[in-house]
Amino acid sequence: MCVPVNGPGPAGALTPVALSRSRSGRPASSPTDAAPPTDGPLVDTFGRVHDDLRISVTDRCNLRCVYCMPEEGLTFLPRSELLDFEEIVRVATVAHRLGVRSVRITGGEPLVRRGIVDLVRMLAGVGFDDLSMTTNGMGLETLARALADAGLQRVNVSCDSLRADRYARLRRRGDLGRVLAGMGAADSAGLAPVKVNVVLLPGENDDEILAFADFARRTGRIVRFIEYMPLDADGAWQPDRVVEGARVLREISARWPLEEVPGSKVDRAPAERFRFVDGAGEIGIVSSVSQPFCGTCNRLRLTAEGSLRNCLFSDDELSVRDVLRSGGSDVELAALFRRSVWGKARGHGINTPGFVPPVRSMSMIGG
Ligand code: SAM
Ligand code: SF4
């Protein structure tokens, strides 16, 4: 049932896409030395067009989830190093001109950035087809309506347990009641459909797979089960700490039969989408580790201090902040985007021997 969302080619294989006849013969394992194109869409050397930008607006957070941040000891960026709102919007506008159509605001926790509603309003003015946010939901109850009025279209709310004590342990400092209230406020504000991100950890919350499926059925929210990735600041990730998406599907479909949502495989979103055969709702599976979707990756990331990253797992970064703060032009910013995309590797290689996790952990990149 579970088929990887890779590009054309055998399941699990990454399929380089020839850009042109002249390039079709080159080995497809690494980016080219040739210069990036100067017009057309944001395309990499494997033919993947990039039209999705994740913008991290802060590296700070009001929680300390066990799979993301350390309990203490993190140092955060001084405010002067963060891109300000005008800088973020200028970069986003250049991205839009280059064909970026969807933007997700993230962090750290985006709702702790002061003035976030104003930033949403400014980004909404750029004209993206899709403007969404990933949040831990702690501040959503008070902000959902204002965010929707400012032009936010959708939210993903992270919530790894439906048991208050366990939620508090996994997310350290969190309060399940507040997060559920935040989801309710998001529903009411029309930030729909609310998606609920669940990172499963063996022996911690993997006995709640059916409870979350039931939650999806009862609430109409789309629960997305996400495999634990080697992006935790504590460096505790191990391959055997990954609860595979295939297992989640097996368990849920044995209780409530599922079918793939038509078009799910051609959709380039990382979640494979399944709906309950009885029509009671939908779930998503994000098998980033067991079945990587690099072959169809269309994403770029902008960190809170203005570094462009072409992959969650790559340490290659290009600084838009340097361009912005040295009086650089939009043409130079566009060239930086093209360079970043052009330098993208074929895949993240989590499953290959010798894989080295990136230096930055998830909250410092923007998930
Ligand atoms: N603070 C917000 C939140 O928690 O939703 C937004 C940023 S958070 C980094 C974005 C998403 O990344 C969350 O859904 C979180 O659960 C997920 N995440 C963080 N660390 C992860 C890891 N090591 N593996 C998989 N997902 C992770
Ligand atoms: Fe904060 Fe989100 Fe990381 Fe949890 S996952 S520590 S809420 S940034």
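Predicted model: local features only at pLDDT ≥ 70, side-chain atom pairs only at ≥ 80, totals over all residues.
1. Of the 367 residues in the protein, 46% are buried.

2. Residues are numbered from 1 along each chain as its sequence is written, chains are lettered from A and ligands numbered from 1 in the order in which they are written. Local features need pLDDT of at least 70 and side-chain atom pairs count only at pLDDT 80 or more, while totals for chains, interfaces and linings use all residues.

3. The protein has ten helices and twelve strands, which are DSSP runs numbered from the N terminus (helices H or I, at least four residues; strands E, at least two). The radius of gyration, taken over C-alpha atoms, is set against a globule rule of 2.2 Å times the number of residues to the power 0.38. The value is 20 Å, close to the 21 Å that the rule gives for 367 residues, so the protein is as compact as a globular protein of that length.

4. Strand 10 (residues 299–302) has Arg299 and Arg301 pointing one way and Leu300 and Leu302 the other way, and all are buried. In a regular strand the side chains alternate between the two faces of the sheet. Strand 10 runs parallel to strand 1 (residues 52–56), joined by four bridges; pairing requires at least two bridges found by DSSP. Leu302 is the bridge partner of Ile55 and also of Leu308 in strand 11. Strands 10 and 11 form a hairpin with four residues between them, and Gly306 in the turn has a positive phi of about 85 degrees.

5. Ligand 1 has 20 residues around it, of which Cys68, Ser158, Asn197, Met362 and Gly367 come nearest; near means a C-beta atom, placed from the backbone, within 6 Å. Strand 3 (130–135), strand 5 (195–199) and helix 10 (362–365) each give two or more residues to this shell.

6. Around ligand 2 there are 14 residues, and Cys61, Leu63, Cys65, Cys68 and Asn136 come nearest.

Note on methods: Buried ≥ 20, exposed ≤ 12 C-beta atoms within 10 Å, placed from the backbone.
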